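Good morning, colleagues. Please look at the sequence and the structure on the screen, and I shall then take you through the interactions between side chains.

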Amino acid sequence: MNRVTTSNTWFDLLPRIGNGPMSHVSYEPHVERPRLRPFLAAIPDEREPHSWLLTDRLGISAKTLRVTEAELNWMQLLDGRRSLRDVQIEAMRQAGGELLTLERITAFVAKLETALLLDGPHFQARVHSPVREPSCIGCYPNEPGALRRQLEKLFTGSNGPGLPGRLRDARLRAALVPHIDYTRGGHTYAWGFKELFEHTDASLFVIIGTSHYSAERFTLTRQHFKTPLGVSETDQGYIDRLVKHYGDGLFDDSAAHLPEHSIELEVVFLQYLYENKRSFRIVPLVVGTFEDSVLTGSTPSLRDDVGHMIEALKQAEAETPERICYVISGDLAHLGPKFGDREPVRPRQIEHCKRQDHILMQHAEAADTLSFFRTIADENDARRICGFPPTYTLLEAIRPRHGKRLHYDQYVHTRGFESVSFASMAFYE
């Protein structure tokens with residue numbers, strides 16, 4: 001699932017104002033010195049000359065605002081350093097001395113603030129709310145009945161595994177499932193979650209997913225997760241134990257989880273499976289890129305932060321007085337112009353990708369993390385295996401005896417614009 005547009009007509013506001021990937025840079029939100037939020041963009045309004053449609057590329061704000069070219073220029077001045085008076089003076093200078101009242105600037109900034117487009121009080125209230133609102137409505141229905149029917153069809157459809165049955169045993173340690181949208185990858189989700197339902201009696205699910213929006217290596221949140229099927233509580237005690245053993249830094253990017261789909265899309269399935277059966281808690285942890293290890297060829301576990309997380313996961317589990325089931329949320333390869341390749345995806349690339357994916361899955365089945373990493377590093381991660389960081393981290397931490405491939409699939413755009421591969425796997429003690 002990729003929410004960021006690739007259209008070359010978008011005007012990305014981020015480089016012009018110099019913000020970091022998210023709003024964790026040292027900054028105290030202040031209404032008198034407003035700062036524009038990252039991940040905002042604008043596109044020319046075809047119906048209104050000299051106007052732009054302002055949108056949130058993360059989907060945190062549901063509003064699309066129309067702004068004039070002058071207002072678009074004002075927005076570049078909202079850097080957290082200038083006061084509203086400073087913005088007024090500079091905007092008038094840019095306009096050749098044209099009179100611009102402070103009231104007009106203030107009203108415009110207030111509109112941005114209400115729309116959650118500033119790193120201000122409204123946005124920070126969303127960041128620090130005890131409950132995280134869903135960000136993936138549209139990938140699935142907002143109405144609970146329609147959502148349940150959608151998920152049921154993913155199990156019972158022609159490519160599905162059938163509805164989950166009774167608990168057979170409790171040997172499952174972890175399941176790898178995709179986080180691509182349900183339309184393209186839903187049956188593969190169903191294979192993974194059926195295995196999970198039938199082979200664990202755990203009520204605590206540590207979900208370790210790909211981080212798509214943050215520059216941090218590891219990011220936790222204490223927020224509970226809301227979907228149309230209810231609110232899933234985050235286990236604060238487990239988070240305390242993980243933080244104790246890892247140390248500082250796990251909450252540095254406080255906004256990273258707001259737009260992130262790699263946790264939410266797994267929570268929806270857990271809610272559906274256990275609704276009216278038993279309560280459960282979650283732990284939401286996202287993992288950023290291991291590009292530094294790929295570029296240098298150095299084993300990720302030898303890096304301080306990765307090694308600390310692996311040990312922290314081990315220690316947190318050792319101190320947890322109940323069974324834990326882990327959910328790895330990650331896709332496999334991403335090819336095509338959508339992801340930066342120059343040429344459309346060709347059939348020979350699809351076949352090569354499938355062969356390489358199966359090699360990766362064989363290494364994962366054997367819990368051979370070194371070979372898993374080497375396969376990716378030898379390609380210089382040219383196929384963009386987004387599930388690599390969470391899968392590697394978790395397998396290093398729990399060291400399962402063996403794994404099993406449950407389902408594999410590839411989505412290929414009809415014109416080769418993109419291809420994404422994904423799988424479900426199970427790992428046992």
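I begin with the aromatic residues: across the whole structure, a search finds 19 aromatic pairs. Please bear in mind throughout that this is a predicted model.

Consider the rings of Tyr182 and Phe269. Their centres are 5.4 Å apart and their planes stand at 85°, so this pair is edge-to-face. The pair links distant parts of the chain, since Tyr182 belongs to helix 7 and Phe269 to helix 9, 87 residues apart. Are these two residues buried or exposed? Tyr182 is buried, with a relative accessible area of 1%, and Phe269 is buried as well, at 0%.

A second example is the pair formed by Phe290 and Tyr392. Here the ring centres are 6.2 Å apart and the planes again lie at 85°, so this pair too is edge-to-face. Phe290 sits in the loop between strand 11 and helix 10 (291–296), while Tyr392 is in helix 14 (residues 388–398), so the contact ties together parts that are 102 residues apart in sequence. Phe290 counts as buried at 1% relative accessibility, and Tyr392 is buried with a relative accessible area of 1%.

Tyr182 and Phe269 also belong to one aromatic cluster, whose other members are Tyr140, Phe155, Tyr189, Phe193 and Tyr272.

Phe155 brings us to helix 6, where it is one of the buried residues, together with Gly145, Leu147, Leu151 and Leu154. Against which helices do the buried residues of helix 6 pack? They pack against helix 7 and helix 9 (261–274).

I turn now to the nonpolar cores. In soluble globular proteins, nonpolar side chains tend to be buried together. The largest nonpolar core has 50 residues, and the members that touch the most others are Tyr238, Tyr326 and Phe388. Beyond its neighbours within four places in sequence, Tyr238 is in contact with several residues, including Leu204, Val206, Val283, Leu313 and Tyr326. Apart from this core lies another, of 38 residues, among them Phe155, Leu172, Ala190 and Phe225.

Finally, the charged side chains. The whole structure holds 33 salt bridges. One of them joins Lys194 and Glu198, at 2.9 Å from N to O. Both residues lie in helix 7 (residues 182–199), four residues apart, or about one turn of the helix. Both Lys194 and Glu198 are buried.

Another salt bridge connects Glu322 with Arg281, the closest N and O atoms being 2.3 Å apart. Glu322 is in the loop between helix 11 (304–318) and strand 12 (324–329), and Arg281 is in strand 11 (residues 281–287), so the pair ties together parts that are 41 residues apart in sequence. Glu322 counts as partly exposed at 32% relative accessibility, and Arg281 does so at 22%. Salt bridges that share partners also join Asp181, Arg184, Lys338 and Glu418 into one network.

Arg171 is partly exposed at 35% relative accessibility, as is Asp169 with a relative accessible area of 23%.

Notes
Residues numbered from 1 in each chain as written. Predicted model: local features only at pLDDT ≥ 70, side-chain atom pairs only at ≥ 80, totals over all residues. Heavy atoms only, no water. Salt bridge = Lys/Arg side-chain N within 4 Å of Asp/Glu carboxyl O. Buried < 20%, exposed > 50% of the residue type's maximum accessible area, 1.4 Å probe, protein only. Helix = DSSP H or I, 4+ residues; strand = E, 2+ residues; numbered from the N terminus. Core = buried A, V, L, I, M, F, W, Y, C linked by side-chain atoms within 4.5 Å. Contact = heavy atoms within 4.5 Å. Phe/Tyr/Trp six-rings, centres within 6.5 Å; stacked < 30°, edge-to-face > 60°.
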